[in-house]
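This report looks at aromatic side chains and at one stretch of surface. Please keep the sequence and the structure in view while reading.

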Amino acid sequence: MGVFALMPPSIRLMAHAGFDNAWGSSMPPSSSFPFGAFGLGSAASLMYLTQEHDLKFHKLRAILSLLPPIQRLEKVAGGLVLTGFVLLTAGLSLFPLLPEQKPGVNLKIDPIILWSLFVWLLYLILLVMRWRGQGGRRFAWAALGSFAFILLTFWGILLLSPSHNS
């Protein structure tokens, strides 16, 4: 995701997003890292669910599989979701401090910022659920569902944003 964020169209998109200085070109890659971690966490969750299903139904492919052990997959998925959450928290907390906004552009009520806050809250609930003992299968399904939500809503939110839709 970081490579795609560095491509010129996204940099031009951020130039229209209300940034007047050099920080505007650094925002696309830095804001995509949390979602990359969430994506990798959902991939680890999918591998966890596959391995868990194979073990539950005593399938031979669970033994012959090249997937990592189920405990490691759970740990990796949780770590990636936590990493994405920390990166998203840092991005959302530093976002208002870094860029100089163009006159007439109010990014505080931008749909992408509000959507990012909702995603932050969604992953906070997911992490609290994990810390309260709801790991394993429930956490894996929740991580997969949360990332599916991100994938299904991102482009619609981007189109609703007046500052990113120029």
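Which residues form one aromatic cluster? In this predicted model, the cluster is made by Phe35, Phe38, Trp115, Tyr123 and Phe154. By the rule used for ring pairs, the count comes to six aromatic pairs. For phenylalanine 35 and phenylalanine 38, the ring centres are 6.0 Å apart and the planes stand at 75 degrees, so this pair is edge-to-face, because planes over 60 degrees apart count as edge-to-face. Both residues belong to helix H3 (residues 23–56), where they are three residues apart, and about one helical turn therefore separates them.

| Residue | Relative accessible area | Class |
|---|---|---|
| Phenylalanine 35 | 10% | buried |
| Phenylalanine 38 | 1% | buried |
| Tryptophan 131 | 57% | exposed |

Phenylalanine 38, with a relative accessible area of 1%, counts as buried because the cut-off for that class is under 20%. Tryptophan 131, at 57%, is exposed, since that class begins over 50%.

Tryptophan 131 lies in helix H6, and together with Leu82, Val86 and Val128 it makes a nonpolar surface patch of about 370 Å². Helix H5 (70–94) and helix H6 (111–131) are the elements that give two or more residues to this patch.

A further contact involves a charge and a ring: the charged end of arginine 130 sits over the ring of phenylalanine 139, at 5.4 Å from the ring centre.

Definitions and conventions. Residues are numbered from 1 along each chain as its sequence is written. This is a predicted model: local features need pLDDT of at least 70, side-chain atom pairs count only at pLDDT 80 or more; totals for chains, interfaces and linings use all residues. Side-chain values use heavy atoms; hydrogens and water are left out. Patches are made of residues with over 30% relative accessible area and no salt bridge: like charges are joined within 9 Å, nonpolar side chains (Val, Leu, Ile, Met, Phe, Trp, Tyr) within 5 Å. Accessible areas come from the Shrake-Rupley method with a 1.4 Å probe; for residues, only the protein chains shown count as cover. A salt bridge is a side-chain nitrogen of Lys or Arg within 4 Å of a carboxyl oxygen of Asp or Glu. Helices (H or I, at least four residues) and strands (E, at least two) are DSSP runs, numbered from the N terminus. Buried means under 20% relative accessible area, exposed over 50%, partly exposed in between (1.4 Å probe, protein chains only). Rings of Phe, Tyr and Trp (its six-membered ring) pair if their centres lie within 6.5 Å; planes under 30 degrees apart count as stacked, over 60 as edge-to-face and the rest as tilted. A charge sits over a ring if NZ of Lys or CZ of Arg is within 6 Å of the ring centre and within 35 degrees of the ring normal.
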